[in-house]
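Please open the structure in a viewer and keep the selection panel at hand.

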Amino acid sequence: MTEWFNEHELLIQTTLIYIPLAISFQLPIRCGVFSLIGVGFFAIGGYGTGILAIEGLHPMLSLALMLVFAGGAGFLMSIPLVRLRGLYLAMATFAFDLIVGVVIINTRQWTGGAQGLFGIPHGTSTPLILGIVLVTVLAISQLERGAIGRGFEAIRESDHLTVTVGIDLARRRQFVFALSAVLGALAGGLFALTFSALSPGTAGFGLVIRGLTMAVIGGIGSWAGAAIGAIFVAWTPGLLEFAGLYREMVYGVVLVGVVIYAPDGIFGAWRSLRRIAASLQRQRSSDRADDVAETDAAALTNSGA
Amino acid sequence: MEQQLLNGMVLASVYTLFALGLTLCWGSLDVLNLAHGAVLMFAAYGAHVVARNVDAPFALLVLVSAAMGGALTLILDLVAFRPIRKRATSKRQEELLTLIAGVGAGSIPLTIAKVQTSDQPFGLTDFRVRVHDIGPLRVSDLQIAVIVVGISLTIGLALWVSRSRTGRVLRALAVDPETCSLMGVNANAVSAGTLFGSGALAGLGGVLLMAYLSGITANTGEHLLLKGFAVIILGGVGSVWGTLVAAVVLAAGETAVVTWTSGTWTNAVSFGLILLIILVRPSGLFGARKAERV
């Protein structure tokens, strides 16, 4: 068992780091806020943490500082952005993510430019990453449960009705937006401290697609979907080694398949299966009760006659 | 300087052809086709394969490319987008799933082309153009052709959308599909036609680009996709004239940046435009102003 862990440690770390990123996509989408800002802040958080750590600041402190920065910046950005709808918000945040990449390439004196940032102190270990991710997931799941979580669901269902129940729509949206920035920065910072190197390509078009895939494949319903999505995106390319050069194509086909046949993601599909099983169970026990009633009725009629 | 202008205009033309398909699909059918770039590339690749095996005139290659582009997009819609539209429970889910499906489906032609070309540029080997020296400019027949095609198709499409019955139907579909079906519109036929047309335009742009650049790679489509977004958002989603104007603006901006700076900021032009326009005027230059309650 330990051997398997050691062999795949890099993959396990990547999966764990992907989880906050997946949630950074999933959470706003659940509230109807189509924000892709997590990737931009993955880059900002990663590079920020890396640069601070290289300058001598304690890795965890660097990470914490970047998280605070991400929260503030995310909140400020949300003010003009949050009134955008659907795909337009997605486009705007996507454009922002890509601009961050261009800025990184052009500020070589701090970020190492196109060559990348190297030599970031290795500030994490797998147990530490696991711990941080667990705490994050716990916090998010608590958020999902309470009144705030129900508020998010309400926002997704209908803006107008949400307002009538007295929920401040704009504030909630801004909050979710800022949260997605923080989650993205967390993932980026962890990435930087774990793999000690970053490049502008790390957080670009590819990562946006990967993040969207994680959110969709796993299922938007809950953080469990994000975890499933992270596992899928991190591990499937390796599993597809057999396809050789056609790996990307098989991956694409799988994506299309899941999207069409399991539109609620893997987690959603599992939940539907459970529901079907439960209703089958209920049907069976009610059938049994009917049978018993029938036999009783038959016995009564027979004894009567 | 003038040469740069000419290059910019050719670039603008290619952007226009590519973006026209994208904007019509998004504007009328609410389908944001992320595989559009792969379609352009693969249609051009098809023309390249034909050129390799058959001594075909350029016009035939253009036809092949356009037909392939149209067919590919139709297949894509049948296999991926339509099932999603049928099964999606909400508009948002439909949009999200369409995006992912587009990416996934686009990887199929992308990978095939990549493997077949070993990720090397592919083009038209026996392509020769006549070059004319007009004043300070060196103009090739191809450049003239691309610019003429781009402008004429834009004009043609704009007129068609605004004057013809089918064009009106397309605009009506964008506003309210349900009322359209009540009015006896065959939405499926119109959407199939639009999708084929958008793919054909992409194929056309692809083969012209391939000839102009003397070769494109499997990844060219992806780069174009982002530029395409910038064009349609700046121009206004669904507007044909907007696409042309925006393509010119984008091409001019990028050419200027390349000429006067180190060129690493070139992509920032398109991304910056997207962000700026969405924030300031989401309907773009010529897009329909939609009243959205905040």
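Begin at the boundary of chain A and chain B in this predicted model, where 6 residue pairs are in polar contact, both residues of each pair being at pLDDT 80 or more. Next, select the elements of chain A that give two or more residues to the side touching chain B: α4 (59-81), α5 (86-106), α11 (205-218) and α13 (247-261). Of these, α5(A) supplies the largest share, with 13 residues. Colouring this side of chain A by class will show 31 nonpolar, 5 polar and 6 charged residues.

For the next stop, select A:Glu248 and B:Lys114. Their side chains meet in a salt bridge, with a distance of 3.8 Å from N to O. How many salt bridges does the rule find across the interface of chain A and chain B? The number is 1.

Now display the whole contact between the two chains. Chain A contributes 42 residues to the contact, and chain B contributes 45 residues. The size of an interface is often expressed as the accessible area lost when the parts come together. Here chain A and chain B bury about 4100 Å² between them, and carbon and sulfur atoms account for 77% of that area. Within chain A, select A:Leu87, A:Tyr88 and A:Met91, the residues that lose the most area to chain B; together they make up 16% of what that side buries.

The C-alpha atoms of chain A fill a box of roughly 100 × 55 × 35 Å along the principal axes.

Within chain A, select helix α3 (residues 37-54) together with α4(A). The axes of these two helices come within 9 Å and cross at roughly 145°, and the crossing is right-handed. On the α3(A) side, the residues making the contact include A:Phe41, A:Gly45, A:Gly48 and A:Leu52. On the α4(A) side, they include A:Leu63, A:Met66, A:Phe69 and A:Ala73. By class, this contact has 13 nonpolar and 5 polar residues, with no charged residues.

For the last stop, bring chain B back and select its helices α10 (residues 240-260) and α11 (residues 266-280). These helices pack at an angle of about 145°, and their axes lie 8 Å apart. Is the crossing of α10(B) and α11(B) left-handed or right-handed? α10(B) passes α11(B) in a right-handed crossing. To see the contact itself, show B:Leu250, B:Gly253, B:Glu254, B:Val257 and B:Val258 of α10(B), which meet B:Thr266, B:Val269, B:Ser270 and B:Leu273 of α11(B). Sorted by class, the contact of α10(B) with α11(B) has 5 nonpolar, 3 polar and 1 charged residues.

Methods:
Residues are numbered from 1 along each chain as its sequence is written. Chains are lettered from A and ligands numbered from 1 in the order in which they are written. This is a predicted model: local features need pLDDT of at least 70, side-chain atom pairs count only at pLDDT 80 or more; totals for chains, interfaces and linings use all residues. Side-chain values use heavy atoms; hydrogens and water are left out. Contact means heavy atoms within 4.5 Å. Buried area is the accessible area (1.4 Å probe) that two parts lose on being put together, summed over both. A salt bridge is a side-chain nitrogen of Lys or Arg within 4 Å of a carboxyl oxygen of Asp or Glu. A polar contact is a pair of N or O atoms within 3.5 Å; within protein, one must be able to donate a hydrogen and the other to accept it, and residues adjacent in sequence count only if both atoms are side-chain atoms. Helices (H or I, at least four residues) and strands (E, at least two) are DSSP runs, numbered from the N terminus. Ala, Val, Leu, Ile, Met, Phe, Trp, Tyr, Cys and Pro count as nonpolar, Asp, Glu, Lys and Arg as charged, and the others, Gly among them, as polar. Axes are lines fitted to C-alpha atoms, for helices over the stretch in contact, and angles run from 0 to 180 degrees between N-to-C directions. A crossing is left-handed if the near helix is turned anticlockwise from the far one by less than a right angle, and right-handed if clockwise.
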